[in-house]
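Welcome! Here is a short note to read alongside the model, written for someone opening it for the first time.

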Amino acid sequence: MMSKIEKELTVVNKKGLHARPAALFVSLVEKFDVTVTLAKGPEVVNGKSIMGILMLGAVEGTVLKITVEGAEAVEAMAEFKKFFNKQEEELVL
Amino acid sequence: MSEIVLKGIPAAPGIAYGTSFILDKGEFIVPKRSISSSEIDSEIARFEEAVNNARREIHHLKAKITQDIGLAQAQIFDAHLLVLQDPALLSGVTCGIRETNLSAEYVFFTVIKKFVETFAQMPDEYLRERASDVSDISKRVLKHLMDESKLHDLDSLQDDLIIVAHDLSPSDAVSMYNKKIKGFLTDIGGRTSHTAIIAKSLGVPAVVGLKDATLKVNNQDYVVIDGQKGLVIINPSEETKELYIKEQHKIIACLEKLDDLKNLPAQTTDGKKISILANLEFSSEIPAVRKYGAEGIGLYRTEFLYMNRLDLPSEEEQFKAYRQVARAVAPFGVTIRTLDLGGDKFISSVQTPKDMSPFLGCRAIRFCLERPDIFKTQLRAILRASVYGRIQMMYPMISGLGELRQANAVLNQVKGALRDEKIAFDEQMKVGIMIEVPAAVMTAEALARETHFFSIGTNDLIQYTLAVDRVNEKTAYLYEPAHPAVLKMIQKTIDAGHNEGIHVALCGEMASDPLLAFLLLGMGIDEFSMSAASILTVKRMIRSVKLQDAQRMAYEAMQLATGQEVEEFVDAQLHKFLPL
């Protein structure tokens, strides 16, 4: 079943959605059969584009509108939510 | 062609001559070429093939660097691979080719340029750094797209070249380490820039701060480097060449004689023994450390474990690195300096705040105290490694007792946790501090009572004492190690340490100059740590002089008014003992 989900997620990581988190996010997106876009205001980037994500300059507190479309949209969105909630730990190692 | 002489700052000694190689002028020209509509598909295919080839190269390079240097240094290439599969980039180029009927290289170059420019303008340090990564990647792809390409990169570099660059970054250093390079010339930088450190650890000459060497020197020019005087001669005449070849033979003969000193102690003729240790950046330098007879490592710069990668090195990885070095230098010891980040050293995994004056900002111990998570991981790794050899540790850039106590409090927490977990470490491990901030010098007595040793970091101490940015070539002429103010700082530190009964070492570049080392010997330094290649020259000096004479000379030198007077005086004194 094809579905499209939109959700607003907040970057909680002190260092923003940069560096390692951006790379991790792209690898996560690639695990699912979905297309993903991230929007910060009028700027929309492809969720598989590391450069696009980096250029959003999403610092701590940025609200991103994430749109997921495709057969595994529900599963993917659940993972993204988890990813955004635990970013802090991810970076600190 | 007549010879052209450029004058720069001598950064690493020696003479070299050979063919020049210009490394990345930072700009390259891609011609705008139109294609016919029937060529579009084949042009896109050509682009895809170039990307695939570039990816293959990066995989290969990653494997090679992993093997030669370590996984940590190779991890930067994971990010490069991600960029080469970035849909925004790939579809940008394929759509571009279709829409504009322009060649793959031109469209690719335009798309990449936009990314690079955007990154370069980002306020954030990490993202700005990415601009050079993206240029790197683009060069790799362009090389496959352009037949008559004059683009080069470090991996395809042939041996025996003289590298001419605007500047060398710490990541260039990593790629350069296993190459046989004859010498370095750079436009910017001072005596303690990365280029100087790399050149010294490779044992080749370098001249930095040449301002426009990358413009004056052409690729494949014949060039002579005079690393003693800081001269570069482009297209030298036969006479000049001959002169330098003779000069080089003299230096080589001298070095061969020096080799006999390898296993002899660094002892003055009146019996005072001085320890000479080596500074270390990469564990792959250990063979050189042994070759020059260093009595251990006096400064292990751990920052390099953190560089050129997207994540932080884990406790386990650091533990293994420290253990490896400790074992490799046994029976001698190693002094590990805790992370000295900031100033001119940045890493990708942590965003350091953008300081207006990075050298006065949140760097070194300040950064570690702000990020106890990172600091504690390193302290645990060092403590765990301490049972595998003679390890001691020091904090960089301590500016007062409060900071030292704070750092020690973190250390005690980590020790407590290890005890609770029943993990062994050396309970007696010595913990010292770097003296590189004038405030630390002025409070040295108090600091000495709460630390096991001092290590004077002259590179920074000079810059802070004289208020001279050491990486700015415009102020380089003010960077005077023999300035009376610097000497007084050093003397005060030595005296304070000795009054409190602790050992005072010196680990800056200053120690590797025999002239200044002679002065420092007279001032009472107990231990020198320097780039391995300089050890034997300094040892030769020590073995030729009397401590008494050095002390008398140092006392007189301290009365002089300018750095130049000091240097001239010490030089004249030293010549009495050391003919050359």
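1. **Ground rules.** This is a predicted model, in which local features need pLDDT of at least 70, side-chain atom pairs count only at pLDDT 80 or more, and totals for chains, interfaces and linings use all residues. Residues are numbered from 1 along each chain as its sequence is written, while chains are lettered from A and ligands numbered from 1 in the order in which they are written.

2. **Chain B overall.** You will find 23 helices and 16 strands in chain B; helices (H or I, at least four residues) and strands (E, at least two) are DSSP runs, numbered from the N terminus. Of its 580 residues, 48% are buried. A residue is buried if 20 or more other C-beta atoms lie within 10 Å of its own, exposed if 12 or fewer, and partly exposed in between, with C-beta atoms placed from the backbone. Among contacts in chain B with a separation of 6 or more, 69% are between residues 24 or more positions apart; two residues are in contact if their C-beta atoms, placed from the backbone, lie within 7 Å.

3. **Helices H12 and H14.** Look at H12(B), residues 315-329, and H14(B), residues 372-385: their axes come within 8 Å and cross at roughly 40°. Axes are lines fitted to C-alpha atoms, for helices over the stretch in contact, and angles run from 0 to 180 degrees between N-to-C directions. The two helices are therefore oblique to each other (angles under 35 degrees count as roughly parallel, over 145 as roughly antiparallel, 65 to 115 as roughly perpendicular and the rest as oblique). The crossing is right-handed, a label used if the near helix is turned clockwise from the far one by less than a right angle, and left-handed if anticlockwise. Residues making the contact include Phe319(B) and Tyr322(B) from H12(B), with Ala381(B) and Ile382(B) from H14(B). By class, the contact residues are 6 nonpolar, 3 polar and 4 charged. Here Ala, Val, Leu, Ile, Met, Phe, Trp, Tyr, Cys and Pro count as nonpolar, Asp, Glu, Lys and Arg as charged, and the others, Gly among them, as polar.

4. **Helices H20 and H21.** The axes of H20(B) and H21(B) come within 9 Å and cross at roughly 50°, so this pair is oblique. Their crossing is right-handed. Pro514(B), Ala517(B), Phe518(B) and Leu521(B) of H20(B) meet Thr537(B), Val538(B), Met541(B) and Ile542(B) of H21(B). That contact has 7 nonpolar residues, 1 polar and no charged ones.

5. **How enclosed is H21?** Lys539(B) and Arg540(B) are among the buried residues. The buried residues of H21(B) pack against H10, strand S9 (275-280), H20 and strand S16 (527-530) of chain B.

6. **Backbone details.** Most residues other than glycine have a negative phi, and most peptide bonds are trans. Ala330(B) and Pro331(B) are joined by a cis peptide bond, with omega about 5°, and Pro331(B) sits in the loop between H12 and strand S11 (333-337) of chain B. Lys211(B) has a positive phi, near 70°, and lies in the loop between strand S6 (206-208) and helix H9 (213-216) of chain B. Asn235(B) also has a positive phi, near 50°, in the loop between strand S8 (231-234) and helix H10 (238-259) of chain B.

7. Gly333(B) belongs to strand S11 of chain B and is partly exposed, with 19 other C-beta atoms within 10 Å. Gly333(B) and Ile297(B) are 36 residues apart in sequence, yet their C-alpha atoms are 6.4 Å apart.
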